[in-house]
Amino acid sequence: MLEVKGQEQGALLEITTQGTATQEDLQKFKEAIRMKILQEEPLNILFIFKNIEGITPKGLMEDMKTFPYMKSIKKGAIVADDTFTKVDATIANIIPGVEVAQYSPGELETARKWLAE
């Protein structure tokens, strides 16, 4: 399941994924990014991962690397529970140019503040 918030201009784009991500979810994600880039660029994204199943962090980042709008992303914050392993070093290697920080679920507001800087 994928939920998208913050699609209006000036709002922080928040992508929440819970459980298993589907191809439909990936398409929804790509469309949300495409529409947001039409409003503002570069943009910052907050990724919230809950109870992730069926995809490894490296697999997710490899999928994102082929995403045509990746160069339009300045910063990405990852808020994740224990089902998502620490991947910020991996992301930095796979997607150069995107500043990444990872936070625990209790640090959601800290992640939002970092992205607003």
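Biologist: Which elements each supply at least two residues of the lining of the second largest pocket?
Modeller: β1, β2, β3, β4 and α4 (108–116) do. Keep in mind that this is a predicted model. The pocket holds about 180 Å³ of space. Its lining has 15 residues, and T16, I48, K50, V79 and L108 are the closest to its centre.

Biologist: Why is T16 called buried?
Modeller: Its relative accessible area is 8%. Buried means under 20%, so T16 qualifies. T16 sits in strand β2 (residues 13–20).

Biologist: What is T16 in contact with, leaving aside its neighbours within four places in sequence?
Modeller: M1, L2, E3, I48 and K50. Contact here requires heavy atoms within 4.5 Å.

Biologist: T17 is also in strand β2. What makes T17 buried?
Modeller: The relative accessible area of T17 is 7%. The limit is under 20%, so the label holds for T17.

Biologist: Q102 is in strand β5 (residues 99–103). Why is Q102 called buried?
Modeller: Q102 has a relative accessible area of 19%. The cut-off is under 20%, so Q102 counts as buried. From C-alpha to C-alpha, Q102 and G76 are 8.6 Å apart in space, and they are 26 residues apart in sequence.

Biologist: Now the cores. What makes a set of residues a nonpolar core?
Modeller: The members are buried residues of the listed nonpolar types, joined through side-chain atoms within 4.5 Å. The largest such core has 17 residues. L13, I15, I45 and F47 have the most contacts inside this core. Two or more residues come from each of β1 (2–5), β2, α1 (23–39), β3 (43–53) and β4 (73–80). With five residues, β3 gives the most. In soluble globular proteins, nonpolar side chains tend to be buried together.

Biologist: What surrounds I45, leaving aside its neighbours within four places in sequence?
Modeller: I45 is in contact with L13, I15, I33, I73, K75, G76, A77 and L115. There is also a second, separate core of nine residues, which includes I48, V79, A101 and L115.

Biologist: Which residues of α1 are buried?
Modeller: D25, F29, A32, I33, K36 and I37. Seen down the axis of α1, these buried residues fall within an arc of 130°, so they line one face of the helix. Q23, E24 and L38 are exposed on the other side of α1.

Biologist: How do you know that the span of α1 is close to the expected one?
Modeller: α1 has 17 residues and reaches 25 Å from its first C-alpha to its last. At 1.5 Å a residue, 24 Å is expected. The two values are close.

Biologist: What puts the buried residues of α4 on the same side?
Modeller: The buried residues are A111, W114 and L115. They cover an arc of only 95° around the axis, so they lie on the same side of α4. The face turned away from that buried side carries exposed K113 and A116.

Biologist: Where is the cis peptide bond?
Modeller: It joins E41 and P42, with omega about -5°. P42 is in the loop between α1 and β3.

Biologist: Last, the overall layout. How many helices and strands does the protein chain have?
Modeller: Four helices and five strands. From the N terminus on, they run β-β-α-β-α-β-α-β-α. Of the 117 residues in the chain, 44% are buried. Among contacts with a separation of 6 or more, 70% are between residues 24 or more positions apart.

Terms used:
Residues are numbered from 1 along each chain as its sequence is written. This is a predicted model: local features need pLDDT of at least 70, side-chain atom pairs count only at pLDDT 80 or more; totals for chains, interfaces and linings use all residues. Side-chain values use heavy atoms; hydrogens and water are left out. Buried means under 20% relative accessible area, exposed over 50%, partly exposed in between (1.4 Å probe, protein chains only). The expected span of a helix is 1.5 Å times one less than its number of residues. The arc is that of the directions from the helix axis to the C-beta atoms. On a 1 Å grid over the protein atoms alone, a cavity is a set of points where a 1.4 Å probe fits but cannot get out, and a pocket is an open set with protein on both sides within 12 Å along at least five of seven lines; lining residues have an atom within 4 Å of a point. Grid points are joined across faces, edges and corners, and a volume is the space filled by probe spheres set on the points.
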